Amino acid sequence: MKVKRKFGSLAAAALLVTGMVLGALFISNWDASVADRDVYRSITPVVAADQRSLEDFSETFATIAERVKPSVVLIKSKRVVRQAQAQRFWSPWEEFFGGGQPRNDQPRQFRGVGSGVIVSEDGYILTNNHVVENADELKVQLSDEREVNAEVIGLDPRTDLAVIKVDFDDLPALPFGDSEQLRVGEWVMAVGNPFGLNHSVTAGIVSAKGRGRVLPTQPGQVTYENFIQTDAAINPGNSGGALVDMEGNLMGINTAIYTRTGGYQGIGFAVPANMARNIMTRLVEDGRVARGYLGVRINNLDEVVAESMGLENSNGVLIEGITDDGPARDSNLQQDDVVVALNGKVVEDTDDLRYRIADIAPGTEVELEVIRDGAPVTVAIELGELPGDEPTSIVSREEPPKSPVSNLGIDVMDVSSQWSRFFERGSGVVITVVRSGSVAEDRGLQRGDLIREVNGEVVSSVQEFLGVVREFETGQAIRFRIQRGNAQFLVGLRIPEE
């Protein structure tokens, strides 16, 4: 009996434990279901809020598109070219040798389409130079399908901008925004007429700012580029159209694309609105753009040249030389000065300095903050007007006598009669050979370069050159002032081991 009671006790205990476990599981599941319902209730308003945000975002794009499209026009250009045509006749030899002789000039018509942005109620329109230049006839089609002849007010090939005008009043002008405040990553919209498809709207973000060296150029041609880069789709026909921010303000004039196919590949470029507005004002007031001019040769610093000059970093722009007839000649600006600021604003590189100087009207006095021999100096200069002619480069292909020089990888010689037509005698030493794989080749030195100075010391002969160079030890930084054609610049080298 004792055993049975003990067994009964154990059974009762087991039942009790089982009941407690089942009860706990039930309570847990009940709590979980309640919690799930609570989570669901908490998520529901979040999803609804996100949906409303997306709807608001979509509504913003639609509102901007409706506001901007009337200010963007379709530009149709026609150009007539006369060229010689061949007199056509049948010949069994024509497939191999061609047939016919030239006859009278035959006119051919070339038609193009582009975009433009109305920027004033009285009919001024901003577009690209390449859309309207050399056109014999220009027509503008407004958003309401009205079509009218347009007059060219001014062209500026250096920025690829142009201003044209139509005789209408009360036009829907697009307000300018401040493109300096535009940030990388911001949403933007492109509005234009790609492939003649009127008032197409695309959206994307600002991918980068300050892009240069984008436009194709001819030898000696100088352009001023400070593009906004965007991934909003831009195609042929979009040129001259609007790039706007999320408030519908004009932030840029769509100008170019990077492509290997001729169509959109995710990289487009727009002239910033601030630059476009400045160029437009000058074209409207004067019919041309007069640019500021310092009269200096400049180059970006690199680490080796900066180290040789005792600078802590390579920030700033190096004054390579000063032209004989430029405004800087009458100032305190000196060769080898490093420009770090213009009118109190930091100078980033040569492109930055060039664009900002060119953007200032001739006759304006500017202040340059420079580093000279390690100390800050302020230089005031009254800008001249940028001349139209560009310097040309002269490189000789004659084979002069050779004279080996140390371990820099170059041969040099005195300026002899063979070189006198290119350089004045006693003006330096000529590089006659640049050895493959040498430090000189790596730093871009070329046969025919004239070395005028070594670390700021003028050298007039091979003997003087060797005397200066041999003072430097392996691993030390050294700089050469090089004349290549009409241009002068500094090249920094580090003395290699033997």
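## Basis of the description

A residue is called buried under 20% relative accessible area, exposed over 50% and partly exposed in between, with a 1.4 Å probe and protein chains only. The structure is a predicted model, in which local features need pLDDT of at least 70 and side-chain atom pairs count only at pLDDT 80 or more, whereas totals for chains, interfaces and linings use all residues. Residues are numbered from 1 along each chain as its sequence is written, and side-chain values use heavy atoms, with hydrogens and water left out.

Helices (H or I, at least four residues) and strands (E, at least two) are DSSP runs, numbered from the N terminus; two strands pair if DSSP finds at least two bridges between them. In the order E8-E9-E10-E13-E12-E11, 6 strands close into a barrel with antiparallel pairing. On average, neighbouring strands of this sheet are turned by 45 degrees against each other, direction ignored. Axes are lines fitted to C-alpha atoms, for helices over the stretch in contact, and angles run from 0 to 180 degrees between N-to-C directions.

Strand E9 (residues 200–211) pairs with strand E10 (residues 227–230) in the antiparallel sense over 3 bridges. Val206 has Thr230 in E10 as its bridge partner. Helix H4 (residues 273–286) packs on the sheet and touches strands E12 (250–257) and E13 (268–272), contact meaning heavy atoms within 4.5 Å. The direction of H4 makes about 50 degrees with that of E13.

## Aromatic pairs

Rings of Phe, Tyr and Trp (its six-membered ring) pair if their centres lie within 6.5 Å; planes under 30 degrees apart count as stacked, over 60 as edge-to-face and the rest as tilted. By this rule there are 6 aromatic pairs. Phe57 and Phe61 form an edge-to-face pair, because their ring centres are 4.9 Å apart and their planes stand at 85 degrees. Both residues lie in helix H1 (residues 2–68), 4 residues apart, about one turn of the helix. Phe57 is partly exposed at 34% relative accessible area, while Phe61 is buried at 15%.

Phe227 and Phe269 form a tilted pair, 6.0 Å centre to centre with 50 degrees between the planes. This pair links distant parts of the chain, with Phe227 in strand E10 and Phe269 in strand E13, 42 residues apart. Phe227 is buried at 2% relative accessibility, and Phe269 is buried at 7%. Phe57, Phe61 and Trp187 form one aromatic cluster.

## Charges over rings

A charge sits over a ring if NZ of Lys or CZ of Arg is within 6 Å of the ring centre and within 35 degrees of the ring normal. The charged end of Arg146 sits over the ring of Phe168, 4.4 Å from its centre. Lys165 lies over the face of Tyr124, at 5.3 Å from the ring centre.
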